[in-house]
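I opened a new model today and kept notes as I went.

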Amino acid sequence: MEKTAASGALLELAQGYATQAGFPLEDAPMTGGGSDANFTSALGVPTLDGLGADGDGAHTLHEYIQISTLEMRAKFWHLLLRDLA
């Protein structure tokens, strides 16, 4: 995924909603990988990746979600998707 001005603006919007929902949303260095976000990004669509549930062990037998964070994430997703629709 290539970082663009449009994806940067989308990140700033998302960070504001994350703050409203009660958690920080940090920018992260690009690390490569096979996310579906690579497809939309390649089409020039402003794209963010890594907005799923909090947890650890992604794609392993010990993967888990921190249930205590789901309410904050749901509020964040609601705010973000409401304005993107």
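Before counting classes, I wrote down the rule: Ala, Val, Leu, Ile, Met, Phe, Trp, Tyr, Cys and Pro count as nonpolar, Asp, Glu, Lys and Arg as charged, and the others, Gly among them, as polar. I also noted that this is a predicted model.

I looked up the largest pocket and found about 1,000 Å³ of space in it. It is lined by 40 residues, and those closest to its centre are Ala28, Leu48, Asp49, Gly50 and Leu51. I then sorted the lining by class: 15 nonpolar, 17 polar and 8 charged residues. Which elements supply at least two residues each of this lining? I found H1, helix H2 (37-42), strand S1 (55-56) and strand S2 (64-65). H1 has the largest share, 4 residues.

**Core.** Next I checked the largest nonpolar core, which has 10 residues, including Leu11, Tyr17, Phe23 and Phe76. Helix H1 (5-21) and helix H3 (70-84) each give two or more residues to this core. H1 gives the most, with 5 residues.

**Ring pair.** How many aromatic pairs does the structure hold? I found 1. Phe23 and Phe76 form this pair edge-to-face, 5.5 Å centre to centre, with 75° between the planes. Phe23 sits in the loop between H1 and H2, Phe76 in helix H3, 53 residues apart.

**Phe76.** Is Phe76 buried or exposed? It is buried, because its relative accessible area is 0%. Phe23 counts as buried too, at 9% relative accessibility. Leaving aside neighbours within four places in sequence, I listed the contacts of Phe76: Ala14, Tyr17, Ala18, Ala21, Phe23, Leu25 and Leu51.

Definitions and conventions. Residues are numbered from 1 along each chain as its sequence is written. This is a predicted model: local features need pLDDT of at least 70, side-chain atom pairs count only at pLDDT 80 or more; totals for chains, interfaces and linings use all residues. Side-chain values use heavy atoms; hydrogens and water are left out. A nonpolar core is a set of buried Ala, Val, Leu, Ile, Met, Phe, Trp, Tyr and Cys residues joined through side-chain atoms within 4.5 Å. Buried means under 20% relative accessible area, exposed over 50%, partly exposed in between (1.4 Å probe, protein chains only). Contact means heavy atoms within 4.5 Å. On a 1 Å grid over the protein atoms alone, a cavity is a set of points where a 1.4 Å probe fits but cannot get out, and a pocket is an open set with protein on both sides within 12 Å along at least five of seven lines; lining residues have an atom within 4 Å of a point. Grid points are joined across faces, edges and corners, and a volume is the space filled by probe spheres set on the points. Rings of Phe, Tyr and Trp (its six-membered ring) pair if their centres lie within 6.5 Å; planes under 30 degrees apart count as stacked, over 60 as edge-to-face and the rest as tilted.
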